[in-house]
Structures are given as structure tokens and as C-alpha cells.
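Q: Please take a close look at one residue in this model, and then follow the helices and their packing elsewhere in the chain.

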Amino acid sequence: MTNFEQPIDRLGSNSVKWDAILKSYNEENLLPLWIADMDFKAPAGVLQAYQKLLEHGILGYADTPDTLYTAISNWEQEHFKLAVRKEEILFFSGVLAGITTAIQAFTKPNDVILIHDPVYPPFANIITTNRRQLVRSQLVEENGHFVMDLADMEEKFKQHQVKVMILCNPHNPGGRVWTKKELYQLGELCQKYQVLVLSDEIHQDLVFPPNKMTSFFNAGDGFSDFSLQFTSMTKTFNLAGIKNSVVFVKNEKLRSQLIRKQEENFQQEINTFGLVGMEAAYETGEE
């Protein structure tokens, strides 16, 4: 069983979370609450898998095992009733790497991409650094939580001829777990204006009752035809440093386009620790 109460001193370990405090703020005793990096050990099953790898002693090129595809598919089916086949799973070093590659695959310079405001800040950065135009739709606060302004989004879809929307589901930093109804309404709008949805679902496991996580794929019939789903076990199991994520692409044409751009950027190889850690987390981390 994981001990969530055990203090672990991470200072001096090249921790982005802890070791950047002094340089950034010229203060030593501040609490770093700014990054999704938790201070407990990786699950025992993950550490054991790494120990076995290290005892073997060879860290050469590694292929992606079928057992990893199975572990991912089983997790998604069990927790979210999402059926994903092996051929629909692509690997990237991180969710942002996957989204960036998708932007390059499905848009061209000066195409317009819409995001919510507020939302995870790197979304804006990867849009502008790839020379795409950024449009924001402000979330509206109702009864103490954010809701999407669908009328504003529709107006911006029409006015700016938006090609792609990056969705954060569940929402970071607002904490909203979008309901199936909300996602359905959004999907209907995107279908109407032929907007491709890139759904970042990396926080899918960190959802508490009475909220219920709904994959964008499952929010409406045919939604997987105009969307891609990005996720990883790194937030769930506090494994951000191993750099591995997955993209689910059910539409064959979209999948072929993404694979082609992935190969152009030579992003199709995942490091061995990412492969081993992901499989061990999904297979042994349920408790």
C-alpha cells in the first residue's frame, strides 16, 4: 500500500517543483503549489518493474509490447466504458507533444484554433509557436463553477472559421468535470462547423463523486469521427518524469494523417522507462 503521509525531501534532486524556488523567488521556505507533481513515491508495482529492468542491466531499444496495449484498453474499458483497439492507440512522449503534432497534422500556418479561457497555459503557447492563430472563448461563472459559453463559441466558429478546438476534459485549472450533456452540446456545435476536437483527458482518473467522467468519444454518436483523445497515466500515478502518453484515434483517415506527421517529426519512439512504467501502473496501480 502506498504511504501518502511519508515526507520525502526532494531538495537537491533536480526537482522542477522544489529546486526552482530559490532561483525564481529568492526565498527558501516557500511551498510550491504551482505544478502537477505530487510528493509521494511511485506505486510499488511500478518501482518493482523498474527494479527488474535494472537488474537485467540492458537498456537498449525497446519495442511496444502487446501487453501494454492490452493494459491500456482494459483500463479505459473498466473505468470509462471506452472501447479502444490496439490499432487506435498511438504513443507520444507527452500529451503536449501529441497535441502539437496533431496541430501540425491537421492545420496549416495561420489557421485558427480555439481554446477556453482560462485553460492550461501551454495550449496557447503551442498554438502561437506553431504560427497558428489563437482565439479564446471565455468560460462563464454560474453558481460558483465554470460553464461553456456556447453562443460565444458558435459566433467565433463562424467569424474566424475555426479549424480546431483544444478541449480540456476534465478542465484544468477550473476543476470542472464536463457533463455528458455539456460535451454533447459542444460536439453538436463542432460537427455543425466542422471543427476538429483535440480532447486532453489526462485528468480522467482524478474525478470525485458525484461527478462522472465522460470521454468525448462517448458523449455522442459519431463523435470519434471528428475528435482525438489524449491521455496518460502520469498524472494519475505521479509519473510525469517518465514521459509517456497515448492518443486514441478511431477515425482511420485522421489516424493516418497523425501517424504521417509523427513519422516526419520522428516522434514514434518512446523511451523504455515510459513503456515499462505505463504498463506496470495500469496493471498494478488500481489500489
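A: Q191 belongs to helix α8, residues 180–192, where helices (H or I, at least four residues) and strands (E, at least two) are DSSP runs numbered from the N terminus. The model is predicted, so local features need pLDDT of at least 70 and side-chain atom pairs count only at pLDDT 80 or more, while totals for chains, interfaces and linings use all residues. Residues are numbered from 1 along each chain as its sequence is written, and side-chain values use heavy atoms, with hydrogens and water left out.

With a relative accessible area of 35%, Q191 is partly exposed, a class lying between buried (under 20%) and exposed (over 50%), for a 1.4 Å probe and protein chains only. Leaving aside residues up to four places away in sequence, Q191 touches D221, F223 and F226, contact meaning heavy atoms within 4.5 Å. L258 is 67 residues from Q191 along the chain, and the C-alpha atoms of the two are separated by 20 Å.

Elsewhere, helix α4 (residues 66–80) has 15 residues that should span 21 Å, and its end C-alpha atoms are 21 Å apart, which agrees; the expected span is 1.5 Å times one less than the number of residues. Its buried residues are L68, Y69, A71, I72, S73, W75, E76 and F80, and their cover includes the strands β1 (89–92), β8 (227–231) and β9 (245–248) together with helix α10 (272–284). Just after α4, K81 takes a positive phi of about 55°.

Helix α10 also packs against helix α3 (residues 44–56), at an angle of about 140° and with the axes 8 Å apart. Axes here are lines fitted to C-alpha atoms, for helices over the stretch in contact, and angles run from 0 to 180 degrees between N-to-C directions. This makes α3 oblique to α10, as angles under 35 degrees count as roughly parallel, over 145 as roughly antiparallel, 65 to 115 as roughly perpendicular and the rest as oblique. From α3, G45, V46, A49, Y50, L53 and L54 meet T272, F273, V276, G277, A280, A281 and T284 of α10. By class, this contact has nine nonpolar, four polar and no charged residues.

A further pair is formed by helix α5 (residues 95–106) and helix α6 (residues 122–129), whose axes come within 10 Å and cross at roughly 35°. Here L96, I99, T100 and I103 of α5 meet P122, F123, I126 and I127 of α6, a contact that divides into seven nonpolar, one polar and no charged residues; Ala, Val, Leu, Ile, Met, Phe, Trp, Tyr, Cys and Pro count as nonpolar, Asp, Glu, Lys and Arg as charged, and the others, Gly among them, as polar.
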